[in-house]
Number of protein chains: 2
Amino acid sequence: MRWSKYFIPTLKETPIGAEAVSHQLSLRAGLVHMLTSGVYSYLPLGLRVLRRIENIIREEMNAVGANELFLPCLHPLDLWKQTGRDKVLADVMITFLDKRKRPMCLGPTHEEVITNLVKDYVQSYRQLPVVLYQIQTKFRDELRTRFGIVRACEFIMKDAYSFDRDQIGLKKNYDLMYGAYKNVFQRCGLETVILEADSGAMGGDVSHEFMVPASIGEDLIVSCSACGYKEGAAEEKAKEKPCPKCKKKKLASQVAIELGHIFQLGTKYSQAQGALFIDEDGKQKPIIMGCYGIGVSRVIAAIIEKHNDDKGIIWPPQVAPFDVEILPIQGAEEDREIRNLTDRCDADLTAAGLEVLVDDREETAGRKFNDADLIGIPLRVTIGRRNLAEGKVEIKVRSTNEIVLVNKDQLAQKVLEMTKAACVTN
Amino acid sequence: MRWSKYFIPTLKETPIGAEAVSHQLSLRAGLVHMLTSGVYSYLPLGLRVLRRIENIIREEMNAVGANELFLPCLHPLDLWKQTGRDKVLADVMITFLDKRKRPMCLGPTHEEVITNLVKDYVQSYRQLPVVLYQIQTKFRDELRTRFGIVRACEFIMKDAYSFDRDQIGLKKNYDLMYGAYKNVFQRCGLETVILEADSGAMGGDVSHEFMVPASIGEDLIVSCSACGYKEGAAEEKAKEKPCPKCKKKKLASQVAIELGHIFQLGTKYSQAQGALFIDEDGKQKPIIMGCYGIGVSRVIAAIIEKHNDDKGIIWPPQVAPFDVEILPIQGAEEDREIRNLTDRCDADLTAAGLEVLVDDREETAGRKFNDADLIGIPLRVTIGRRNLAEGKVEIKVRSTNEIVLVNKDQLAQKVLEMTKAACVTN
């Protein structure tokens with residue numbers, strides 16, 4: 001992809017009102033654009049990151065046997081009345097009357113809709129288990145939107161739902177999802193803290209939160225370094241108290257952002273909505289459910305928050321919008337050797353399956369270097385006259401600042417090797 | 001993919017209230033599920049078709065230099081007031097006050113939002129042209145929802161927008177899009193009629209509609225077989241009249257469905273919203289715009305409408321949810337040879353890049369054959385004892401009913417050849 005033909009509107013100045021580093025950088029690097037507070041557009045570069053994260057999630061969901069579908073945003077409010085959650089979620093739910101005077105809402109989550117769907121098809125234990133997921137836009141009318149895409153009114157979630165005939169089946173699917181979640185966050189370059197959590201508005205008994213310690217977080221993790229005890233806390237009450245488990249050390253607390261939450265729901269929804277099946281013993285029973293969410297747009301913010309320096313973003317290779325950026329330094333006059341080498345390297349790497357961005361803009365080398373650091377592509381190939389005079393080209397690793405000079409004829413091969421190595425260690 | 005692990009809830013009976021063949025078949029083949037009238041979920045098989053169509057569109061959009069982004073569903077109504085379209089589209093627009101008492105709406109289209117976005121970044125003629133597109137959910141509060149996903153309240157559109165410094169640039173991008181649209185529909189297995197059309201609520205002077213003649217259509221195409229004259233008509237008024245162009249023949253009319261519409265918008269939006277740029281001559285001018293829409297969910301309905309028989313859907317190979325279905329006929333006892341050949345064929349074809357569905361359900365052969373015809377995968381491989389006794393396996397082409405018996409050792413190779421041949425002629 002040629003930068004001159006691609007819409008990457010980088011900004012030199014930090015936009016006013018953006019407190020969090022991830023918010024500042026996502027605006028400056030041309031990842032997102034604010035339409036109004038709490039509502040963001042994904043620009044081409046941001047959409048590329050989103051798609052890469054989505055695909056990691058898809059691979060992990062498919063690997064544990066979940067099937068992807070796509071549910072609507074518009075829900076009849078009557079469905080929510082069946083579970084009483086029209087009231088529980090009234091604070092964040094957007095509701096309206098449609099032209100036929102039907103009360104409708106925009107889905108803040110999809111338990112009711114998926115239960116309604118599965119109920120229409122599943123009658124027998126033979127059809128269970130079923131695990132379904134989607135990656136879709138959700139709506140929550142947040143009064144306090146914060147940190148850009150972290151707490152927005154419109155955001156992208158992966159939500160999965162498991163349907164089982166018994167508790168053993170639920171436990172099995174829950175454990176599979178637990179493992180899949182660990183993989184997803186690890187592949188996104190994020191170290192998560194996993195906490196047993198309160199089930200809140202979802203219902204059910206067992207639930208776990210996947211948290212990433214970061215200053216943009218709105219949750220608190222209280223932990224004891226002696227015994228490894230950890231728990232979530234609503235406010236900073238834990239400091240200087242003894243650990244309830246080992247009684248030895250005092251607890252420390254840290255702020256964290258919640259990226260995933262999984263729940264053993266049980267029969268709350270299936271009972272309220274009449275999603276029943278005939279079991280092997282001939283008896284009618286409510287389907288046993290679990291639900292599993294990841295805040296996809298939040299994951300982007302968390303990645304930026306954990307992977308940046310004073311110059312810009314440092315994308316972990318697996319979620320980077322491009323694998324490599326080629327930066328030809330053109331002088332005043334046209335330099336055919338630089339252009340040909342740029343084209344050949346672009347073609348070779350693209351043919352090898354890499355996503356390549358070529359900064360072919362008529363900008364100063366300084367501006368190009370600054371923008372390269374800002375948008376944070378893992379490898380930067382600089383093709384310039386000085387090194388080329390000795391038959392060399394420079395490869396720079398964004399994360400380590402390591403610089404490698406390679407023979408111009410081995411350029412594509414070396415970039416491929418370095419990309420593969422980085423994705424394996426990531 | 002194993003059918004036993006995949007959620008394809010086929011229905012034997014035609015659901016009540018579904019008039020159109022495409023609506024009946026999309027429900028029976030387990031492509032979509034109705035949540036409430038005008039609101040549909042895409043089940044796994046339907047989502048696969050949707051993704052294949054989306055990818056064809058992406059390839060054609062990228063080929064003409066359009067950049068993909070992703071805009072929000074929630075819009076501030078104030079933005080729509082700038083162009084006066086809050087009134088023009090009031091009949092179909094879903095509006096509400098958010099928690100901060102801001103008047104908001106759900107986007108029925110995105111001219112205002114994209115103009116607002118481009119305005120924030122583009123100041124100079126050097127930054128033009130820009131062509132942006134998205135594939136996204138749109139909302140229109142239709143009182144008369146019809147034919148399932150054809151006229152729904154929530155539907156998926158591809159919408160593209162071009163921004164140019166002059167009329168020549170607009171014309172060039174318009175012509176590129178015109179060509180891309182022809183490719184998209186042809187690759188989806190649809191023959192379109194292209195009409196000069198009225199610009200309606202969008203504004204601008206020149207526009208073209210891409211129509212597919214089909215009984216579910218709500219538009220009329222009037223045409224003269226002698227001179228090739230064609231025009232769109234709102235109602236059936238044209239019969240028995242002379243053709244205005246050649247005066248020879250009487251006009252015939254046919255019902256058609258609109259799948260695409262492209263517009264030369266000019267400066268309607270840029271002027272109203274102040275999207276201006278400094279031209280080479282130093283003067284400030286409004287950006288010249290075009291917009292280009294495809295009703296993606298509608299394309300699915302049109303494809304089914306044109307490609308079916310009394311047994312079910314006949315997917316054109318390029319948009320089929322799977323490339324090949326393997327149907328092992330298991331007797332009462334386990335047949336290791338059938339199972340092994342099924343597994344090997346699945347593995348070989350998957351490794352070759354095909355999407356393979358294996359109907360491994362414990363159902364009667366009759367049920368499996370009926371379901372195979374219903375969901376309409378282009379090639380069906382039947383592995384059964386009778387043919388296998390002679391070392392043979394049956395491949396059936398869904399579209400022609402052609403049956404080929406091949407040596408079991410050449411199965412994967414033959415399927416690959418037939419798939420490639422079908423995709424080329426498609």
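Visitor: How are H2(A) and H8(A) oriented to each other: roughly parallel or roughly perpendicular?
Guide: In this predicted model, the axes (lines fitted to C-alpha atoms over the stretch in contact, with angles from 0 to 180 degrees between N-to-C directions) come within 10 Å and cross at roughly 110°. Angles of 65 to 115 degrees count as roughly perpendicular, under 35 as roughly parallel, over 145 as roughly antiparallel and the rest as oblique. H2(A) and H8(A) are therefore roughly perpendicular.

Visitor: Which residues in H8(A) does H2(A) meet?
Guide: Two residues are in contact if their C-beta atoms, placed from the backbone, lie within 7 Å. From H2(A) come A:Val49, A:Leu50, A:Ile53 and A:Glu54, and they meet A:Val296, A:Val299 and A:Ile300.

Visitor: How many charged residues does that contact of H2(A) with H8(A) have?
Guide: Asp, Glu, Lys and Arg count as charged; Ala, Val, Leu, Ile, Met, Phe, Trp, Tyr, Cys and Pro as nonpolar; and the others, Gly among them, as polar. By class, the contact has six nonpolar residues, no polar ones and one charged.

Visitor: How many residues of chain B are in contact with chain A?
Guide: Residues are numbered from 1 along each chain as written, and chains are lettered from A in written order, with ligands numbered from 1. Local features need pLDDT of at least 70 and side-chain atom pairs 80 or more, while totals for chains, interfaces and linings use all residues. Here 40 residues of chain A touch chain B, and the number from chain B is 40.

Visitor: How many nonpolar residues are on the side of chain A that touches chain B?
Guide: That side includes six polar and eight charged residues. Its nonpolar residues number 26.

Note on methods: Helices (H or I, at least four residues) and strands (E, at least two) are DSSP runs, numbered from the N terminus.
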